[in-house]
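Colleague: I am new to this model. Could you take me through it in short steps?

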Amino acid sequence: GQSIFLDFTKSLRPDTIFYDSEWHGFSTVSWRDFSLDREYVRSAMWLAYSHGMSMTNAWMWGRDIDGRLLAKANHYGELSTQPVAVDAYGRVFKELNAHSELVAASVPQKRRFMVYFTQESAIQSEAYTHDLCHVYEALKIQNYAVGFATPSTIGTLDPSHHIVVAPPARFI
């Protein structure tokens with residue numbers, strides 16, 4: 001989920017710093033892992049930063065400023081109740097900072113395969129987003145540098161370099 005969003009954002013604005021002020025790489029309203037291990041934390045963060053994340057704030061709901069658990073918070077499975085994951089989070093940030101130049105250089109600047117995104121279809125058709133994700137995943141699993149083209153950016157693409165893949169779209 002995070003790689004498609006980051007590839008979308010960085011392909012449209014490659015030179016813009018990407019700050020996610022509410023990064024949900026460890027849990028969301030829809031899912032939680034009740035025993036996050038160090039490898040997951042490391043993988044999630046390296047994925048985010050190697051896809052263009054520049055800065056982030058991982059949410060730690062459920063604790064007061066003094067560290068006590070809040071009475072009304074839903075704590076089960078939150079990062080704030082998993083000391084191993086929080087420790088890994090801090091250690092990975094040190095690792096990412098130490099290698100920041102290499103991490104930033106790993107973000108694809110040139111993307112050959114561009115998935116065509118049309119907001120009209122995304123708003124009016126449930127199937128469109130589902131199909132778009134399948135197209136993206138099929139290209140990504142082949143290890144292609146995937147980007148996105150929109151009606152306003154498609155004219156800037158180089159036909160000798162870019163391949164545009166258009167998922168079925170009823171509204172353009």
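Colleague: What covers the buried residues of α1?

Modeller: This is a predicted model, where local features need pLDDT of at least 70, side-chain atom pairs count only at pLDDT 80 or more, and totals for chains, interfaces and linings use all residues. Residues are numbered from 1 along each chain as its sequence is written, and side-chain values use heavy atoms, with hydrogens and water left out. Helices (H or I, at least four residues) and strands (E, at least two) are DSSP runs, numbered from the N terminus. The cover of α1's buried residues includes β1 (19–23), α2, α6 (126–140) and β4 (146–149).

Colleague: How many residues of α1 are buried?

Modeller: Buried means under 20% relative accessible area, exposed over 50%, and partly exposed in between (1.4 Å probe, protein chains only). Among the buried residues of α1 are Ile4, Leu6 and Asp7. The helix is mostly covered, with a buried count of 8 of its 11 residues.

Colleague: Is Asp7 buried or exposed?

Modeller: Asp7 sits in helix α1. Its relative accessibility is 0%, so Asp7 counts as buried.

Colleague: Which side chain does a polar contact of 2.5 Å join to Asp7?

Modeller: A polar contact is a pair of N or O atoms within 3.5 Å; within protein, one must be able to donate a hydrogen and the other to accept it, and residues adjacent in sequence count only if both atoms are side-chain atoms. Contact in general means heavy atoms within 4.5 Å. Leaving out residues up to four places away in sequence, Asp7 touches His51, Arg111, Tyr136, Lys140, Val146 and Phe148. The 2.5 Å polar contact is with the side chain of Tyr136.

**Helix pairs**

Colleague: Are α1 and α2 roughly parallel or roughly antiparallel?

Modeller: Axes are lines fitted to C-alpha atoms, for helices over the stretch in contact, and angles run from 0 to 180 degrees between N-to-C directions. The axes of α1 (residues 2–12) and α2 (residues 38–50) come within 9 Å and cross at roughly 15°. Angles under 35 degrees count as roughly parallel, over 145 as roughly antiparallel, 65 to 115 as roughly perpendicular and the rest as oblique. The two helices are therefore roughly parallel.

Colleague: Which residues of α2 does α1 meet?

Modeller: From α1 come Gln2, Ser3 and Leu6. Their partners in α2 are Ala44, Leu47 and Ala48.

Colleague: At roughly what angle do the axes of α2 and α3 cross?

Modeller: Helix α3 covers residues 83–98. Its axis and that of α2 come within 9 Å, and they cross at roughly 40°.

Colleague: Where is Asn143 found?

Modeller: Asn143 is not a glycine, yet it has a positive phi of about 70°. At 70% relative accessibility, Asn143 counts as exposed. Its place is the loop between α6 and β4.

Colleague: How many helices and strands are in the protein chain?

Modeller: From the N terminus, the elements run α-β-α-β-α-α-β-α-α-β-β. The tally is 6 helices and 5 strands.

Colleague: What share of the protein chain do buried residues make up?

Modeller: The C-alpha trace spans about 55 × 40 × 25 Å along its principal axes. The chain has 172 residues, and the buried share is 35%.
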